[in-house]
Amino acid sequence: MADAQPLQAQDKLAFLLSLVPYLIDRERVSVAEAARHFGVPESRIRRAVELIAVSGVPGETMQYQHGDLFDIAWDDFDQNDMIVLTNLVAIDDSPRLSAREASALIAGLQYLSALPEAADRDAIRALMAKLSRGAGGAASTVAVGQDLHDVALATIRRAMADGRGLSFEYAGPRTQGGTRSVDPLRVESIDTDWYLRAWDLDRQALRTFRLDRMSGVRVDERAAEKSVDQVVIPDTLFQQSSEDVIVTVELDSSSLPLVADFLADTADAPDGDGRVRIRLAASNGFDGVVRLVAGLPGRAVVLDPPAARAAVRDFAATALELAAGSAG
């Protein structure tokens, strides 16, 4: 590769700031490999390495001593064209992520890699490895479990990538299931719950499905009729339809962020006791309302309609009977 135009001082600095972390991360790399990585001539890499060797941070006397400069394995560099940094200046003294911080970021990356739209999983794995090596202490072993949904997610991902439809059995906790045929559009999650946003062919409308209620997920032979570019998908997971029933629920205001995606409209202002009333769009079975209230024990109360209150009461009575039977 022919050498390019000489770099200006600020460009040389920017290049060195990119080259040094690259060399540290790989520990031992050839001049040719580094040149390919940065898309520059090998001669530029050699000059940059020579410049690194005269760079550093002055000591207390403001004079450069040997330990104040970067150093490289010169014999390996001259004889084998290999770059190995043997002395790092200030790099080891720079602030690092704590083991807990690195573990939290790794967990987030594991979660991200499970999303169907996370295409570059190799890059995510490489970043996770860097976080593990760069932490101030050994990062804890972290695993974000998706075993229950891995198969379904993989099938949905394949259908979306191939532009195919999707079929599955879908049932609520207290209702008989049925076969649904949809065009998959997007997979999203709230905490540990995963949802499929899809165009329901039978209802000719956008619908949201919980992955843990789906079984027998399979890719159809037919081509999908709708794509994510053709359907307006609201930011909130659930949308009101003409068949929905509005349910009024009272809960403490601190729980409001947990239900923000389920609201049919804006929440009322909190009262003097910090309680707030919200309205939810629910199907006639009230399965979603029951699940929501069960997930907020002691913090949420269904006020209206009576049928929704009865559904929550029946659920609680059944749960008590099961608990009593287990204890006996």
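I began with Arg180, which at 13% relative accessibility counts as buried, since the cut-off for buried is under 20%. The model I am reading is a predicted one.

I then looked up the partner of Arg180 and found a salt bridge with Asp200, whose closest N and O atoms are 2.9 Å apart. Asp200 lies in strand β7 and Arg180 in strand β6 (residues 178-190), so this pair ties together parts that are 20 residues apart in sequence. Asp200 is buried as well, at 0% relative accessibility.

A search of the whole structure gave me 14 salt bridges. One of them joins Glu169 to Arg218, with 3.7 Å between the closest N and O atoms; because Glu169 sits in strand β5 (residues 164-170) and Arg218 in strand β9 (residues 214-223), the pair ties together parts that are 49 residues apart in sequence. Here I noted Glu169 as partly exposed at 30% and Arg218 as partly exposed at 36%.

I also recorded Glu188 and Arg197, whose side chains meet in a salt bridge at 3.0 Å, N to O; Glu188 is buried at 17%, and Arg197 is buried at 0%.

Next I turned to Asp81, which is linked with Glu42 and Arg46 in a network of salt bridges. Asp81 has a positive phi of about 60 degrees although it is not a glycine, and I located it in the loop between α4 (74-80) and β3 (82-83).

Last, I checked the peptide bond from Asp304 to Pro305, which is cis with omega near 5 degrees, and I placed Pro305 in the loop between β12 (300-304) and α9 (306-327).

Note on methods:
Residues are numbered from 1 along each chain as its sequence is written. This is a predicted model: local features need pLDDT of at least 70, side-chain atom pairs count only at pLDDT 80 or more; totals for chains, interfaces and linings use all residues. Side-chain values use heavy atoms; hydrogens and water are left out. Helices (H or I, at least four residues) and strands (E, at least two) are DSSP runs, numbered from the N terminus. A salt bridge is a side-chain nitrogen of Lys or Arg within 4 Å of a carboxyl oxygen of Asp or Glu. Buried means under 20% relative accessible area, exposed over 50%, partly exposed in between (1.4 Å probe, protein chains only).
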